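Morning, everyone. Please have a look at the next structure with me.

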Amino acid sequence: MQALLDIILPVFLVVGFGYLVAWRGLLSAASIDGLMSFTQNVAIPCLLFRAIWTLDLGDSFSVPLLISFYTGSLTCFVVGLFGARYLFNRDWEDAVAIGFTCLFANSVLLGLAITERAFGPDALSANYAIIALHSPLCYGLGITTMEFVRARAAGQPNRNLPMIVAKAMFRNALVIGIAIGAMFNVFNVTLPAPFTDALDMMVRTALPAALFAMGGVLFRYRPEGDMRIILFVCAISLLLHPAITWTLGTSFDLDDSAFRSAVLTAAMAPGVNCYVFANIYGRARRVVASSVLMASALSVISAWFWLGTLP
C-alpha cells in the first residue's frame with residue numbers, strides 16, 4: 001500500500017488534475033490540445049534528445065533487455081491483430097489499429113514517471129534504451145502493416161510502401177529527437193553551457209506537463225463501444241506484455257535495474273499516440289480511445305501489482 005501511495009498515486013493524481021480541469025471547463029479543449037502539442041512536439045523530443053545524447057550506448061543497449069521487452073510487444077501486436085480479426089470479427093484495418101494499441105505501451109509519460117519515482121533518476125538508462133527504439137519500431141510496424149492491408153484491399157502494388165513509411169516516420173517529432181540525440185552521441189558533439197541549461201529547463205517541463213495534458217485529453221473519451229474487445233486490449237497491455245517481459249528477463253538473468261525498467265514499462269497502458277494512429281486512418285477510433293482510457297485507469301492497480309514482483 002505504501003508503494004501505491006508514494007510512487008504510483010502521485011503520477012496518476014497529475015493525470016487526474018488534468019482530467020478534472022477539463023471536466024470543469026477551467027481550460028478549453030484548444031488549450032489542452034495546445035499543451036499536448038507542446039509536450040509531444042517540443043518538450044518530450046527535447047527530453048529524449050538529451051537522454052539519448054548523454055546515454056552510454058554500449059552499456060545501456062543490452063540485447064537481452066531489448067529482446068525481453070520487444071518480444072512481448074510484438075507478441076501483443078500479433079495477438080491483438082488476429083484476436084480483433086477472428087475473435088471479434090473486425091475488418092483488417094480496424095484490426096491493425098487495435099493491434100497497434102496492444103503494441104504501443106505508454107513508455108514515456110507513465111513508464112518514465114513511475115520508474116523514476118520508484119527507483120530514482122539514475123535507474124532510467126534501460127528505460128531510455130527501450131524508448132530509443134519504441135517509436136521507430138512501433139510506428140514502423142503499425143504504418144507498414146496498415147499500408148500493406150490498405151494496398152491489398154485496393155488491389156494496388158506495394159512498391160510505394162517504403163517511401164510512405166519513411167515519410168511518416170520522419171514527420172514524427174519523437175523519432176526526430178531520438179535520431180538527433182543518437183547522432184550527437186555517436187559523434188561526441190558538445191554544446192555550450194547556456195544551450196544545455198536552456199535544454200534542461202525545457203526537459204523539466206516535459207513529464208508533468210504531458211501527464212496533465214494527457215488527463216485533459218482522456219476526459220473526451222468515454223468507455224463506449226464493444227466492452228469485450230476493450231477488456232481484451234486491456235488484458236493484453238497490462239497482463240500479457242509484462243508477463244512475457246518478466247519471464248524472458250528472468251530467463252536472461254537481467255540485472256535488477258534493467259529488469260525493473262523493462263517490466264514496469266511493459267506494464268503501462270497504451271499511450272495516447274494509439275488514438276492518434278487510429279484517428280489518422282479513421283479506424284476503430286472509439287474502441288482505441290476507450291481502451292486507452294480504461295487501461296490508463298487500471299494501470300494504477302497493474303503498476304502496483306508488477307512493482308510488487310520486482311527485486
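First, the ground rules. This is a predicted model, so to speak of local features we need pLDDT of at least 70, and side-chain atom pairs count only at pLDDT 80 or more, while totals for chains, interfaces and linings use all residues. Residues are numbered from 1 along each chain as its sequence is written, and side-chain values use heavy atoms, with hydrogens and water left out.

Now the fold. The protein chain has 14 helices and 0 strands. Helices here are DSSP runs of H or I with at least four residues, strands are runs of E with at least two, and numbering goes from the N terminus. The radius of gyration is 19 Å, close to the 19 Å that the globule rule gives for 311 residues, so the chain is as compact as a globular protein of that length. That radius is taken over C-alpha atoms, and the rule is 2.2 Å times the number of residues to the power 0.38. The C-alpha atoms fill a box of roughly 55 × 45 × 45 Å along the principal axes.

What share of the residues counts as buried? Of the 311, it is 52%. Buried means under 20% relative accessible area, exposed means over 50%, and partly exposed is in between, with a 1.4 Å probe and protein chains only. The accessible surface comes to about 13,800 Å², and 64% of that belongs to carbon and sulfur atoms. Those areas come from the Shrake-Rupley method with a 1.4 Å probe; for residues, only the protein chains shown count as cover.

Contacts next. Contact means heavy atoms within 4.5 Å. Among contacts with a separation of 6 or more, 85% are between residues 24 or more positions apart.

On to the rings. Rings of Phe, Tyr and Trp (its six-membered ring) pair if their centres lie within 6.5 Å; planes under 30 degrees apart are stacked, over 60 edge-to-face, and the rest tilted. The count comes to 16 aromatic pairs. Take Tyr 19 and Phe 219: their ring centres are 5.4 Å apart and their planes at 90°, so this pair is edge-to-face. Tyr 19 lies in helix H1 (residues 2-23), and Phe 219 in the loop between helix H10 (193-218) and helix H11 (227-251), so the pair ties together parts that are 200 residues apart in sequence. Tyr 19 is partly exposed, at 31% relative accessibility. Phe 219 is buried, at 18%.

Phe 49 and Trp 53 make a stacked pair, with 5.4 Å from centre to centre and 25° between the planes. Both sit in helix H2 (residues 29-54), 4 residues apart, about one turn of the helix.

Some rings have a charge over them. That requires NZ of Lys or CZ of Arg within 6 Å of the ring centre and within 35 degrees of the ring normal. Arg 24 lies over the face of Trp 23, 5.1 Å from the ring centre. Arg 85 does this with Tyr 86, at 5.8 Å.

Now Ser 291, in helix H14 (residues 285-308). Is Ser 291 buried or exposed? At 0% relative accessibility, Ser 291 counts as buried. A polar atom of its side chain lies 2.7 Å from the backbone oxygen of Val 287. Beyond neighbours within four places in sequence, Ser 291 is in contact with Thr 101, Ile 230, Val 233 and Cys 234.

Next, two backbone angles. Most residues other than glycine have a negative phi. Asn 188 has a positive phi, near 55°. Asn 188 lies in the loop between helix H9 (173-186) and H10, and is exposed at 64% relative accessibility. Asp 253 also has a positive phi, near 55°. Its place is the loop between H11 and helix H12 (256-266), and Asp 253 is exposed at 67%.

Last stop: Leu 87, in helix H4 (residues 63-87). Leu 87 is exposed, at 58% relative accessibility. Not counting residues up to four places away in sequence, Leu 87 touches Phe 82 and Phe 232. The C-alpha atoms of Leu 87 and Met 202 are separated by 45 Å, and these residues are 115 apart along the chain.

Note on methods: Polar contact = N/O pair within 3.5 Å; in protein donor to acceptor, adjacent residues only side chain to side chain.
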